[in-house]
Amino acid sequence: MISPRLKSSSGMAAPGLWTRVRERLGREGARLFLGRPLAVGTDAPIVSFTFDDFPRSAFLEGGSILRRYGAQGTYYVSLGLMGKQSPVGPMFQARDLNELVHLGHELGCHTFGHCHSWNTPPDVYERAILENQEAFSELLPEASFQTFAYPHSAPRLAVKKVAGRHFLCCRGGGLKPGHYLFRHSAGGQTFNLGITDLNYLCAFFLEKSRGNPEAVKSLIAQNARARGWLIFATHDVCADPSPFGCTPGFFEQVVQWALESGARILPVVEALEVLRASPSK
């Protein structure tokens with residue numbers, strides 16, 4: 001029986017509510033099924049810094065900060081965005097890709113057209129993954145994407161299945177406002193510990209807490225005590241950031257806290273190699 005609270009004035013269930021319920025159930029299904037388990041356990045905690053899309057400021061500002069501390073990050077690339085303007089600022093240019101690789105950063109896949117991971121049909125989504133790889137091979141013939149991040153949203157189950165076929169691991173994407181409040185929401189706002197899912201790694205989006213840096217510091221400390229794998233994500237890094245980015249000062253403070261916690265700062269693919277080789281799993 002449908003509760004009166006779930007009915008519209010006509011007596012029928014509110015369409016918007018049922019849409020939200022179906023999406024929430026779908027997201028929970030994506031979290032629970034089609035996983036590839038990995039035991040996260042090392043002698044020292046690991047922190048990875050990742051940048052989605054990626055705007056040039058993520059390289060020019062964020063990359064410069066990481067380099068000052070002897071660290072590298074992972075840049076998730078949608079090659080269909082190359083050279084364009086976007087809500088997070090000017091996007092990367094072709095020459096940036098070569099320089100990033102030369103500096104030891106990882107380049108990961110983000111689909112060619114920055115596809116929405118919930119709304120895109122799985123066959124279209126897979127074509128966008130393959131198109132991104134083909135375009136990448138033309139620019140850097142000896143390189144290939146090994147890891148992936150879901151653009152825009154948590155994925156539906158069929159999309160998770162598609163992405164998992166092509167990459168060593170897949171990092172969770174952006175969550176709708178409110179979803180990140182749930183510590184164990186699929187893919188969001190926590191670190192990876194114990195048995196984690198390589199098809200849906202958790203990430204912590206820095207912009208969600210840029211007004212509350214103590215929350216970030218606290219999570220880094222929790223990750224250190226647990227010896228987990230904390231994957232930070234953001235977009236632009238500039239003095240006047242978009243709602244999806246953060247300032248250089250905030251980003252540098254997070255890098256400092258990560259190092260002070262005793263964590264190793266590694267690109268995603270290198271962190272995965274360390275975890276797979278760890279005798280403490």
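Start with the salt bridges: this predicted model has six of them across the whole structure.

Select Arg171 and Asp52. Their side chains form a salt bridge, with N and O 2.7 Å apart. Arg171 sits in strand β6 (residues 169-171) and Asp52 in strand β2 (residues 46-53), so this pair joins parts 119 residues apart in sequence. Both Arg171 and Asp52 are buried.

Next, select Arg56 and Asp96, another salt bridge, whose closest N and O atoms are 2.9 Å apart. Arg56 belongs to helix α2 and Asp96 to helix α3, so the link spans 40 residues of sequence. Arg56 is buried at 18% relative accessible area, and Asp96 is buried at 1%.

Stay on α3 and show residues 94-102. Its buried residues are Asp96, Leu97 and Leu100. They lie on the same side of α3, because they cover an arc of only 105 degrees around the axis. Among the elements covering these buried residues are α2 (56-68), β3 (74-77), β4 (106-109) and α4 (122-139). Turn to the face away from the buried side to find the exposed residues Arg95 and His102. Just after α3, Gly104 has a positive phi of about 95 degrees.

Move to Arg165 and Glu126, a salt bridge with its closest N and O atoms 3.0 Å apart. Arg165 is in the loop between α5 (157-164) and β6, and Glu126 is in helix α4, so the pair ties together parts 39 residues apart in sequence.

Finish with the cysteines. How many disulfides does the structure hold? There are zero. Select Cys115: the closest cysteine sulfur, in Cys109, is 9.4 Å from its own, too far for a bond. Cys115 is buried at 13% relative accessible area, and Cys202 also counts as buried, at 16%.

Definitions and conventions: Residues numbered from 1 in each chain as written. Predicted model: local features only at pLDDT ≥ 70, side-chain atom pairs only at ≥ 80, totals over all residues. Heavy atoms only, no water. Disulfide = S-S within 2.5 Å. Buried < 20%, exposed > 50% of the residue type's maximum accessible area, 1.4 Å probe, protein only. Helix = DSSP H or I, 4+ residues; strand = E, 2+ residues; numbered from the N terminus. Arc of directions from axis to C-beta. Contact = heavy atoms within 4.5 Å. Salt bridge = Lys/Arg side-chain N within 4 Å of Asp/Glu carboxyl O.
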